[in-house]
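Please look over the sequence and the 3D structure below. Then read on with both in view.

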Amino acid sequence: MTMLLLGLLIFLGLHSLRIVAEPTRTRWRERLGEQRYKGLYTVLSLGGFGLICWGFGLARQTPVVLWDTPAAMRHVAALLTWPAFILLAASHAKGNAIKAQVGHPMVIGTALWALGHLLANNTLAEVCLFGSFLLWSLASWQAARRRDRLQPPAPVVVRTRATVITVLAGTAVWLAFALWGHRWLIGVAPFVRP
């Protein structure tokens with residue numbers, strides 16, 4: 001659990017700078033320069049993410065089960081991750097209506113992903129992992145909306161074609177991950193009974 005918690009602290013701590021220390025983040029960017037700041041941020045984030053993966057893998061070897069989870073929660077998780085993948089696609093696609101309406105689709109997608117996994121899993125490590133991401137994403141969304149009120153983003157020209165492609169791409173990636181990728185990377189097949 002130590003490696004998992006350390007990884008979460010590094011990864012989510014870095015990604016929380018805009019939530020809790022925007023002026024400090026701005027000073028670091030000015031002092032280091034944009035490219036060096038981004039390089040250091042990326043290296044530290046990847047290190048934190050690596051520790052999360054390693055620590056979670058270690059914690060799964062000796063799970064501490066907290067409660068019995070109904071089998072139906074796996075279906076709830078699958079249902080919540082579908083729009084999460086669409087929101088992730090929307091965060092990268094230009095001119096789609098989803099991003100224009102939601103404003104910050106990546107953090108909302110992260111919240112749905114984390115909530116679904118929190119409902120479907122029942123070990124201490126899973127609660128720490130998915131609960132941390134859920135709390136972070138909600139705090140991040142709230143901070144982003146506060147920044148938007150202070151400085152509204154530029155209006156987006158919405159194109160129907162971009163929105164349709166976003167939904168189709170997010171759905172395709174979700175299906176591929178749910179049917180094959182999740183088992184390959186995580187060792188769990190979401191649509192197959194354990």
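## Ground rules

This is a predicted model, in which local features need pLDDT of at least 70, side-chain atom pairs count only at pLDDT 80 or more, and totals for chains, interfaces and linings use all residues. Residues are numbered from 1 along each chain as its sequence is written, and side-chain values use heavy atoms, with hydrogens and water left out.

## Two packed helices

Two packed helices are described by the angle between their axes and the distance between the axes. Helices here are DSSP runs (H or I, at least four residues; strands are E, at least two), numbered from the N terminus. An axis is a line fitted to C-alpha atoms, for helices over the stretch in contact, and angles run from 0 to 180 degrees between N-to-C directions.

Start with helix α1 (residues 2–14) and helix α8 (residues 124–150). Their axes lie 11 Å apart, at an angle of about 10°. The pair is therefore roughly parallel. That label applies to angles under 35 degrees; over 145 is roughly antiparallel, 65 to 115 roughly perpendicular, and the rest oblique.

Which residues of α1 and α8 make the contact? From α1 come Leu 4, Leu 5, Leu 8, Phe 11 and Leu 12. From α8 come Ala 125, Cys 128, Leu 129, Ser 132, Phe 133 and Trp 136. Contact means heavy atoms within 4.5 Å. By class, this contact has 10 nonpolar residues, 1 polar and no charged ones. Here Ala, Val, Leu, Ile, Met, Phe, Trp, Tyr, Cys and Pro count as nonpolar; Asp, Glu, Lys and Arg are charged; the others, Gly among them, are polar.

## The largest nonpolar core

A nonpolar core is a set of buried Ala, Val, Leu, Ile, Met, Phe, Trp, Tyr and Cys residues joined through side-chain atoms within 4.5 Å. Buried means under 20% relative accessible area, exposed over 50%, and partly exposed in between (1.4 Å probe, protein chains only).

The largest such core has 17 residues. Those with the most contacts inside it are Leu 4, Leu 8, Leu 12, Ile 52, Leu 129 and Phe 133. Helices α1, α4, α7 (105–120) and α8 each supply at least two residues. The most come from α8, which gives 7.

Take Leu 8 as an example. Neighbours within four places in sequence aside, Leu 8 contacts Gly 13, Ile 52, Cys 128, Leu 129, Ser 132 and Phe 133.

## Salt bridges

Side chains of opposite charge can pair when their charged atoms come close. A salt bridge is a side-chain nitrogen of Lys or Arg within 4 Å of a carboxyl oxygen of Asp or Glu. By this rule there are 5 salt bridges. The table shows some of them.

| Glu 22 | Arg 18 | 3.2 Å |

Arg 18, Glu 22 and Arg 25 are linked in a network. Glu 22 and Arg 25 both lie in helix α3 (residues 22–32), 3 residues apart, about one turn of the helix. Glu 22 is partly exposed at 24% relative accessibility, and Arg 18 is partly exposed at 36%. Arg 25, at 14%, counts as buried.

Glu 34 and Lys 38 both lie in helix α4 (residues 34–61), 4 residues apart, about one turn of the helix. Glu 34 is partly exposed at 31%, and Lys 38 is partly exposed at 43%.

Is His 117 buried or exposed? At 14% relative accessibility, His 117 counts as buried. His 117 sits in helix α7 and contacts Ala 77, Thr 81, Phe 130 and His 182.

Leu 119 is also found in α7. Leu 119 is partly exposed at 36%. Its contacts are Thr 69, Met 73, Val 76 and Leu 80.

Thr 123 is in the loop between α7 and α8. At 11%, Thr 123 counts as buried. Thr 123 touches Pro 63, Val 64, Val 65 and Leu 66.

Val 156 lies in the loop between α8 and α9 (160–186). Val 156 is partly exposed at 47%. Its contacts are Gly 95 and Ala 100. Val 156 and Ala 100 are 56 residues apart along the chain, with their C-alpha atoms separated by 6.2 Å.
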